[in-house]
Amino acid sequence: MKRMFFFISVMMIYACGFSQIAKEETIPFDKRSVPGVSIEVPGYDVKVTAAALQDRLERSAKLKGSSMKGFRYYQSQPFSEFGTLNYDIYTQVVTVGKKKYAKTAVYLLVSKGNENFVTPTSDPELVHRMKGFLNHFVTTHLRQYDIDQKTQEQTKMITKLEKENKTLISDRDKLKQQLDDKEKAILTKQDELTNAKNALSTLKESR
């Protein structure tokens, strides 16, 4: 019972700690630093994280994105998780830190137009929702996306291996049939050879 209580306590602490991982930060944008929200993504590289984030916003939320100044940009579009307005949303997935300690991070900027990015002072509720969005993305969507992609890759690999195995079995069966045919041909030829030798012996004996 004590062990179970300890395990549950640790998991609750971990969950609470993880829910606070997104943070307010000044983020490089178009040769200047602007207010935004960031989150470190443990265990996932930039490629997978960027693909999952794009999938979350463009497939799940139906936003239309484009590339702008190194960011994925969603111009003046409704996103109910942030509020009732249309927002300019900027996302970027980068590697931070030196090689040995490099980590993947997600940057999120939100503006209500003209690159006037929201701050904890100008719109604390929206900033809170931005952090909640990133936290939920990392703990839920990113993980599920990665599992789905790996499942698809594994399924494709299995299909490929099954096809290759089927081809090998077919080739083996063909070779086996060819070997059986050769064995029959050898037996037939041996009979013909035996008959020929017997005929020769008979001819010699009749002289």
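His141 sits in helix 3, with helices (H or I, at least four residues) and strands (E, at least two) taken as DSSP runs and numbered from the N terminus. The model is a predicted one, so to speak of local features a pLDDT of at least 70 is needed, side-chain atom pairs count only at pLDDT 80 or more, and totals for chains, interfaces and linings use all residues. Residues are numbered from 1 along each chain as its sequence is written, and side-chain values use heavy atoms, with hydrogens and water left out.

Back to His141: its relative accessible area is 14%, which makes it buried. Here buried means under 20% relative accessible area, exposed means over 50%, and partly exposed is anything in between (1.4 Å probe, protein chains only). Leaving aside residues up to four places away in sequence, His141 touches Ala52, Asp55, Arg56, Arg59, Ser60 and His136, where contact means heavy atoms within 4.5 Å. Leu203 is another residue of helix 3, but this one counts as exposed, at 56% relative accessibility.

Six strands make up an open sheet with antiparallel pairing, in the order 1-2-6-5-4-3; two strands pair if DSSP finds at least two bridges between them. Strand 1 (23-29) and strand 3 (66-68) are the edge strands, and each has a single partner, so one side of each has no neighbour in the sheet. On average, and ignoring direction, neighbouring strands of this sheet are turned by 40° against each other. The axes behind such angles are lines fitted to C-alpha atoms, for helices over the stretch in contact, and angles run from 0 to 180 degrees between N-to-C directions.

Going through the pairs, strand 3 is joined to strand 4 (residues 71-78) by three bridges, in antiparallel fashion, and Ser66 faces Tyr73 of strand 4. Strand 4 in turn pairs antiparallel with strand 5 over five bridges, and Gln77 has Tyr87 of strand 5 as its bridge partner. Strand 5 and strand 6 also run antiparallel, joined by nine bridges. Two of the residue pairs that link to strand 6 are Tyr90 with Leu109 and Val94 with Ala105. The hairpin of strand 5 and strand 6 has six residues between the strands, and in it Gly97 takes a positive phi near 90°. Strand 2 and strand 6 are paired antiparallel over five bridges, with Val41 opposite Thr104 of strand 6.

How well covered are these strands? In strand 5, eight of the 11 residues are buried, so the rest of the structure largely encloses it. Strand 6 is mostly covered too, with eight of its nine residues buried.

Ser76 belongs to strand 4 and has a phi near 45°; at 42% relative accessibility it counts as partly exposed. Glu115 is in the loop between strand 6 and helix 3, with a phi of about 55°, and at 21% relative accessibility Glu115 is partly exposed as well.

Helix 2 lies across strand 2 (32-41), strand 4, strand 5 (86-96) and strand 6 (103-111), and runs at about 165° to strand 5. Helix 3 touches strand 1, strand 2, strand 5 and strand 6, and its direction makes about 35° with that of strand 2.

That leaves the pockets. On a 1 Å grid over the protein atoms alone, a pocket is an open set of points with protein on both sides within 12 Å along at least five of seven lines, where a 1.4 Å probe fits, and lining residues have an atom within 4 Å of a point. The largest pocket has a volume of about 160 Å³, a volume being the space filled by probe spheres set on the points, with grid points joined across faces, edges and corners. Its lining is made up of Lys47, Val48, Ala51, Tyr145, Asp146, Gln149, Lys150 and Glu153. Helix 2 (46-60) and helix 3 (124-205) each supply at least two of the lining residues, and helix 3 gives the most, with five. By type, three lining residues are nonpolar, one is polar and four are charged; Ala, Val, Leu, Ile, Met, Phe, Trp, Tyr, Cys and Pro count as nonpolar, Asp, Glu, Lys and Arg as charged, and the others, Gly among them, as polar.
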